[in-house]
Amino acid sequence: MEKRIGFIGCGNIAEAIIKGLLNAGYVSKMITATNKEKTERLKYIKETYGVQVSRDKKEVVDNSDLIILAVKPKDVVDALRDIQIGDRILISVAAGITTEYLGGMFKDNVRVIRAMPNTSSMVGESVTAICRGRFASDDDLNCAYEVFSSIGEVAILDEEYFDIVTGLSGSGPAYIYYMMEALVEAGIKSGLDAGVAQELARQTIFGAAVMLKKTGEDPSRLRLNVTSPGGTTMAGIMALESRGFKEIIYNAVYEASRRSKEMRESIGA
């Protein structure tokens, strides 16, 4: 892809994408970034990654073929005010903001792509769901796929599933971190040193994730492989089941998805 990329917003997700693009061989001079008011942040992005920066968002748009809108949902309207996207591709990572809502902000038939990465993008291990708006083409979707492949895996879905995606993979890393907190606390309460408990829990979660990815096995199969009847793992699994572990996880995903929908509807998006 040889498109000039402009970022409106320079937060953590924008930085992760910039870093991923550069690691994938993208040329820094083809990337320009701007934000609302944090000059020090722009200076950091320029000095760290060698990309172009500007205080003028119109200049960024005019000098780009593809615009990545990386701002908080509440800042979307202000970020896009007084600019014209024209024939450029507009990719939004603003949670809960639909392609229809974004397209409706312009007179032209803007080619909008919506994306939902997660915080693991900071280490190049995100999973990003993408979908296209009414006027975006297959080529536009492929461009977005290429961009987000630089920070991890990509799934193409219909937009109707994005609230669920938000609850599952968007919020998912926090559930895993919370589980690790519980594992560490259990180790400490049982007598382990805090540092040892943390290292054991961290590597256990990492190893399980790698095992899932490398083997391609169903998680239930991997669980059964290490759950011997009458053994220690079985005792632990039974304790989780008796307290409704799966139901707790389901409720977490459901409530996060419900909140995503609620937030989207509150701003008419």
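Modeller: Buried area here is the accessible area that two parts lose on being put together, summed over both. The model discussed is a predicted one.

Biologist: What is the area buried between domain 1 and domain 2?

Modeller: Domain 1 covers 5-160 and domain 2 covers 171-264. Carbon and sulfur atoms give 50% of the area buried between them. The total for domain 1 and domain 2 is about 410 Å².

Biologist: Which residues of domain 1 lose the most area to domain 2?

Modeller: In terms of contacts, 7 residues of domain 1 meet 4 residues of domain 2. Three residues of domain 1 together account for 52% of what that side buries. They are Gly96, Thr119 and Glu153.

Biologist: How far apart do the C-alpha centres of domain 1 and domain 2 lie?

Modeller: For scale, the C-alpha trace of the protein spans about 65 × 40 × 30 Å along its principal axes. The C-alpha centres of the two domains are separated by 33 Å.

Biologist: Is Asp140 buried or exposed?

Modeller: Asp140 belongs to helix α6, residues 138-149. Leaving out residues up to four places away in sequence, Asp140 touches Ile89, Arg111, Ile113 and Phe135. The relative accessible area of Asp140 is 2%. The cut-off for buried is under 20%, so Asp140 is buried.

Biologist: How does Lys19 count in terms of accessibility, and why?

Modeller: Lys19 sits in helix α1, which runs over residues 12-23. Its relative accessibility is 36%.

Biologist: Which residues is Lys19 in contact with, leaving aside its neighbours within four places in sequence?

Modeller: Lys19 and Tyr49 are 30 residues apart in sequence, with a C-alpha to C-alpha distance of 7.2 Å. Contact requires heavy atoms within 4.5 Å. Beyond its sequence neighbours, the contacts of Lys19 are Tyr49 and Met122.

Biologist: Of the contacts between residues at least 6 apart in sequence, what percentage join residues at least 24 apart?

Modeller: The protein contains 12 helices and 8 strands. Of its 269 residues, 38% count as buried. For contacts at the sequence separation you name, the share joining residues at least 24 apart is 57%.

Biologist: How far apart are the mean positions of the positive and negative charges?

Modeller: The protein exposes about 15500 Å², with 55% supplied by carbon and sulfur atoms. There are 33 positive and 36 negative charges in the protein. The distance between their mean positions is 3 Å.

Technical notes. Residues are numbered from 1 along each chain as its sequence is written. This is a predicted model: local features need pLDDT of at least 70, side-chain atom pairs count only at pLDDT 80 or more; totals for chains, interfaces and linings use all residues. Side-chain values use heavy atoms; hydrogens and water are left out. Helices (H or I, at least four residues) and strands (E, at least two) are DSSP runs, numbered from the N terminus. Buried means under 20% relative accessible area, exposed over 50%, partly exposed in between (1.4 Å probe, protein chains only). Accessible areas come from the Shrake-Rupley method with a 1.4 Å probe; for residues, only the protein chains shown count as cover. Lys and Arg count as positive and Asp and Glu as negative; His and the chain ends are not counted. The place of a charge is taken as NZ of Lys, CZ of Arg, CG of Asp or CD of Glu. Domain bounds come from an automatic or database domain assignment. Buried area is the accessible area (1.4 Å probe) that two parts lose on being put together, summed over both.
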